[in-house]
Amino acid sequence: MTVFVAIVIVGLGTYLSRAVFILALANRKIPDAVIVALQYVAPAVLAALIVALLTDGDGNVAIGVPEFTSFVVGGAVAWRTKNQVWTLFAGMTVYWIVRALV
Amino acid sequence: MSADRSTIQRGVLGALTLFVPAIPFALVFGLAVVESGLNPFVGWSSSWLIFGGAAQLTLISLLGSGAAVAAAITAALVVNARHIMYSAAMAPVFQHQPKWMRWFGPYLLIDQQFALVSFRTEDDPQTFRTYYLAAGLTFWTLWQATTALGLLIGPVIPEEWNLGFAVPILFLGLIVVGIDKSSKLVAALVGAGVTFLAAGLPSRSGLLVGALVGILAGTVTERLKR
């Protein structure tokens, strides 16, 4: 139940963020400072999320050799190809291989 | 009428092409729902209630990892805050649309939809609407189907594969592909670093601190470069 309510709240919030200017503020300009800050939301939040997802219940960040190698290779592939499918494929393959070796 | 049909075709085709990179995302989301131990149908309901992969994945994986509900909701909302930019960019075009379209259109305004329709803003209102709906509803249908498929595949995949690790890899891919200037790299590195240092904070709230400091760092870096 709590989970469903959480989903509904995020759903409403997401709709609002997509609708706010179309429905209500069509003639308003977003302040420049906000536009600048909005560009950094995605990289900052996603990077923070990666670390949070690798944190265990006791607050220890669990990044071993397999995870680290996978990030380096996955990051390089993403940079070269700009392609999510290749990034995922390379990252997971390296992760499995290194994990089997270590 | 035939003009309408070709507009629909172009919308559907555009959406099909742009959806390909989202397929692994949809499957990984389905797997994440299974792995989180949450009710699968409830998890999947986010596909039509939220309709935004990054926020769905953020919310479900944080809830599944025992984060506080408030922290998970806040993180997911922050992830989706970028849509405000799309809304502002689309607002002038939507002024020529009927009221129902101004209410319904934003629901379909995902990243890929914005990428497609932002090139069509010069079309007449009728053509724009047809294209927008054709593309948007195609994305929507594909997303519902592929996330459901991920849920079905999830239980079949052996646990030793640890496919949950695909989530951070996907996020890394999103970051790297999106970096077009050094200040974004700074935002990402600071965001990760501060979250690492704040990892001991209760209920994974360190993530919010890290994200905020990262956004600030990116903004300051851009200021300094000018």
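**Figure 1. Surroundings of Val167(B) in the predicted model.** In this predicted model, Val167(B), once its neighbours within four places in sequence are set aside, is in contact with Leu53(A) as well as with Val28(B), Ala32(B), Leu57(B) and Ser61(B). Val167(B) belongs to helix α10 of chain B, which spans residues 166-178. Because 23 other C-beta atoms lie within 10 Å, and the cut-off for burial is 20 or more, Val167(B) is buried. The view also takes in Ala54(B), which is 113 residues from Val167(B) along the chain, while the C-alpha atoms of the two residues are separated by 9.8 Å.

**Figure 2. Packing of α2(B) against α10(B).** The helix that holds Val167(B), α10(B), packs with helix α2 of chain B (residues 22-36) at an angle of about 145°, and the two axes are 10 Å apart. The crossing of these helices, α2(B) and α10(B), is left-handed. On the side of α2(B) the residues that take part are Phe25(B), Val28(B) and Ala32(B), and they meet Ala166(B), Val167(B) and Leu170(B) of α10(B). Sorted by class, the contact of α2(B) with α10(B) has six nonpolar residues, with no polar and no charged residues.

**Figure 3. Packing of α4(A) against α5(A).** In chain A, helix α4 (residues 65-81) and helix α5 (residues 84-101) pack with their axes 8 Å apart and at an angle of about 155°. Since angles over 145 degrees count as roughly antiparallel, α4(A) and α5(A) are therefore roughly antiparallel to each other. The crossing of α4(A) and α5(A) is right-handed. From α4(A) the contact draws on Val65(A), Pro66(A), Thr69(A), Ser70(A), Val73(A), Gly74(A), Val77(A), Ala78(A) and Thr81(A), and from α5(A) on Trp86(A), Thr87(A), Ala90(A), Gly91(A), Val94(A), Tyr95(A), Val98(A) and Arg99(A). By class, the contact of α4(A) with α5(A) comprises 10 nonpolar, six polar and one charged residues.

Figure 4. Lys82(A) is found in the loop between α4 and α5 of chain A, and its phi is near 55°, a positive value in a residue other than glycine. With 14 C-beta neighbours inside 10 Å, Lys82(A) counts as partly exposed. In chain B, Phe51(B) lies in the loop between α3 (40-49) and α4 (53-64), and its phi is near 50°, again a positive value in a residue other than glycine. Phe51(B), however, counts as buried, with 23 C-beta neighbours inside 10 Å.

Figure 5. The contact takes 58 residues from chain A and 78 residues from chain B. In chain A, α1 (2-24), α2 (32-39), α3 (41-53), α4 and α5 each supply at least two residues of the side that touches chain B, and α1(A) gives the most, with 19 residues. By class, this side of chain A has 41 nonpolar, 15 polar and two charged residues. Chain A is divided into domain 1 (1-30), domain 2 (31-60) and domain 3 (63-102), and the C-alpha centres of domain 1 and domain 3 of chain A lie 35 Å apart.

How values were computed:
Residues are numbered from 1 along each chain as its sequence is written. Chains are lettered from A and ligands numbered from 1 in the order in which they are written. This is a predicted model: local features need pLDDT of at least 70, side-chain atom pairs count only at pLDDT 80 or more; totals for chains, interfaces and linings use all residues. Axes are lines fitted to C-alpha atoms, for helices over the stretch in contact, and angles run from 0 to 180 degrees between N-to-C directions. Helices (H or I, at least four residues) and strands (E, at least two) are DSSP runs, numbered from the N terminus. Angles under 35 degrees count as roughly parallel, over 145 as roughly antiparallel, 65 to 115 as roughly perpendicular and the rest as oblique. A crossing is left-handed if the near helix is turned anticlockwise from the far one by less than a right angle, and right-handed if clockwise. Two residues are in contact if their C-beta atoms, placed from the backbone, lie within 7 Å. Ala, Val, Leu, Ile, Met, Phe, Trp, Tyr, Cys and Pro count as nonpolar, Asp, Glu, Lys and Arg as charged, and the others, Gly among them, as polar. Domain bounds come from an automatic or database domain assignment. A residue is buried if 20 or more other C-beta atoms lie within 10 Å of its own, exposed if 12 or fewer, and partly exposed in between; C-beta atoms are placed from the backbone.
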